[in-house]
Amino acid sequence: MSRLAILGGAPVIDRELAAYAAMGEAEVEAACAVVRSGRLSGFFGSAGPEYLGGPRVRAFEAAWAAEVGSRHAVSVNSATSGLIAAMGAIGLSPGDEVILPPTTMSATAMAPLVYGGIPVFADIEPATFCLDTGVVEAGITSRTRAILAVNLFGHPAPLARLRGLADRRGLMLVEDSAQAPAAAENGRRCGTVGHIGVYTLNWHKHIHTGEGGMVVTDDDKIAERLRRIRNHGENVVGHGDDLANMVGFNFRLTELQAAIGSVQLRDLARHVERRRRLARALTDGLADLDGITVPTTRPGCTHDHYVWAARYDAGRVGVVRATFARALDAEGFPNAVGYVPPLYRLPLFRKRVAIGRDGWPFTLTNRTYDDGLCPVAERLHDQLILFEPCRWDADAAMAERLVESFRKVHAHRDELRAVGGNG
């Protein structure tokens with residue numbers, strides 16, 4: 001192989017990868033039809049059918065429910081909104097504990113705080129980066145109300161085991177399935193094993209409407225609460241005491257987003273399979289490299305590969321991760337390191353001040369958030385090298401060049417020690 005690009009050689013990939021174009025003429029025409037109608041949103045706050053949204057919103061929800069196999073689908077303006085609505089729909093109260101992983105997007109841990117819930121971080125499995133069921137069970141207390149599982153990077157958490165645990169202990173299981181819209185465990189779609197599942201339609205996910213989200217459930221009462229929370233909590237007079245604590249928001253999806261989302265949903269399998277092909281090519285092409293652990297898929301599961309995440313052993317490779325990553329960049333293999341730090345390192349957890357000046361809701365608990373809380377998550381943060389298949393339009397030929405660029409850096413690792421030290 002030629003000299004490393006970071007040391008003055010020619011890169012394997014000499015142009016920036018093109019972004020994947022998820023939008024086509026069908027989405028353009030769907031959007032134009034909404035604009036021509038003059039009605040970009042179909043919601044009213046007053047009683048009546050339009051309290052549930054316009055015709056495109058309702059059609060999109062019905063199609064989503066049918067796609068994943070859920071009784072109800074409730075659209076929202078973001079997955080963050082969906083997570084907040086889920087916490088309200090399960091009746092989360094100040095001081096209730098919600099067990100969740102530290103390796104996830106911050107919204108997962110912020111949602112319980114809106115209702116005064118206390119996030120309790122449980123460690124993750126080193127192979128799948130999802131919740132460790134044994135750690136979750138050990139963390140259950142008399143104050144635990146829910147488990148919030150994340151199907152991280154597109155791989156299912158141990159959902160059946162978590163649902164069984166939740167049912168035995170009288171808890172609610174909520175799935176953050178933002179990165180796994182089509183993945184499944186033993187034939188059941190992610191988002192449908194828990195009592196509630198939350199998906200995203202953010203612009204850099206598998207399918208998107210710019211912003212937006214969807215919440216699914218098989219529980220009629222939960223679905224009703226989700227719809228009320230989404231639309232200001234209005235029109236609950238005469239609906240019984242079970243809606244007495246209904247504080248609502250404006251979490252509504254527009255007709256424009258729903259029209260685009262309906263088209264995207266029809267092509268979900270194609271959009272996801274493109275990523276799976278690229279991830280398989282990377283995994284197959286790099287699995288034999290010393291010090292590199294490619295992603296794995298648990299038996300019985302399918303993986304959506306929002307992110308292709310490899311573990312990096314600096315001691316075995318002999319080069320510090322940051323230097324190796326810079327060398328990958330120079331060869332044209334775009335990557336990032338570490339994902340997000342464990343969320344309990346955020347200042348609001350470290351200082352135990354979330355809402356207001358006085359530390360609420362941490363005034364309701366003695367829990368602290370120090371390093372060492374989730375050692376597997378902390379260790380993995382220092383080991384991960386990430387490549388985002390969702391962002392790039394890479395055909396089979398480009399996949400081969402990506403593999404070639406990674407293997408080139410690995411083959412020349414002895415030369416990298418002079419650039420940035422060894423492991």
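The second largest cavity has a volume of about 40 Å³. Its lining is made of T103, I124, F129, L152, F153, G338, V340, A377, L380, H381 and L384. A cavity is a set of points, on a 1 Å grid over the protein atoms alone, where a 1.4 Å probe fits but cannot get out; lining residues have an atom within 4 Å of a point. Grid points are joined across faces, edges and corners, and a volume is the space filled by probe spheres set on the points. Rolling a probe the size of a water molecule over the atoms shows where empty space is left.

This is a predicted model: local features need pLDDT of at least 70, side-chain atom pairs count only at pLDDT 80 or more, and totals for chains, interfaces and linings use all residues. Residues are numbered from 1 along each chain as its sequence is written, and side-chain values use heavy atoms, with hydrogens and water left out.

Stay with the second largest cavity. Helix α13 (residues 375-381) gives the most to its lining, with 3 residues. Helices (H or I, at least four residues) and strands (E, at least two) are DSSP runs, numbered from the N terminus. By class, this lining has 8 nonpolar residues, 3 polar ones and no charged ones. Here Ala, Val, Leu, Ile, Met, Phe, Trp, Tyr, Cys and Pro count as nonpolar, Asp, Glu, Lys and Arg as charged, and the others, Gly among them, as polar.

How many cavities of 30 Å³ or more does a search of the whole structure find? The search finds 2. The largest cavity holds about 50 Å³ of space. It is lined by 13 residues, and F129, F153, H155, P295 and H303 lie nearest its centre. Its lining divides into 8 nonpolar, 5 polar and no charged residues.

Now step back to the whole chain. It has 15 helices and 14 strands. Its radius of gyration is 23 Å, close to the 22 Å that the globule rule gives for 423 residues, so the chain is as compact as a globular protein of that length. That radius is taken over C-alpha atoms, and the globule rule is 2.2 Å times the number of residues to the power 0.38. The C-alpha atoms fill a box of roughly 75 × 55 × 40 Å, taken along the principal axes. Of the 423 residues, 56% are buried. Buried means under 20% relative accessible area, exposed over 50%, and partly exposed in between (1.4 Å probe, protein chains only).

Next come the pockets. A pocket is an open set of points with protein on both sides within 12 Å along at least five of seven lines. The largest pocket holds about 480 Å³ of space. It is lined by 29 residues, and the closest to its centre are M105, Q179, H204, K205 and Y306. Helices α3 (79-89) and α4 (107-114) each supply at least two residues of this lining. The largest share, 3 residues, comes from α3. The lining of the largest pocket divides into 14 nonpolar, 10 polar and 5 charged residues.

The second largest pocket has a volume of about 210 Å³. It is lined by 14 residues, and Y20, W203, H204, C390 and R391 lie nearest its centre. By class, that lining has 8 nonpolar, 3 polar and 3 charged residues. Y20 also takes part in another contact: the charged end of R274 sits over its ring, 3.4 Å from the centre. A charge sits over a ring if NZ of Lys or CZ of Arg is within 6 Å of the ring centre and within 35 degrees of the ring normal.

Rings also meet rings. The structure holds 15 aromatic pairs. The rings of F333 and F387 have their centres 5.0 Å apart and their planes at 45°, so this pair is tilted. Rings of Phe, Tyr and Trp (its six-membered ring) pair if their centres lie within 6.5 Å; planes under 30 degrees apart count as stacked, over 60 as edge-to-face and the rest as tilted. This pair links distant parts of the chain, 54 residues apart: F333 is in the loop between α11 (321-331) and β13 (336-337), and F387 is in strand β14 (residues 384-387). Both F333 and F387 are buried.

F362 and Y369 form an edge-to-face pair, 5.7 Å centre to centre, with 70° between the planes. F362 has 1% relative accessibility, so it counts as buried. Y369 is buried too, with a relative accessible area of 3%. F121, Y344, F349, F362 and Y369 form one aromatic cluster.
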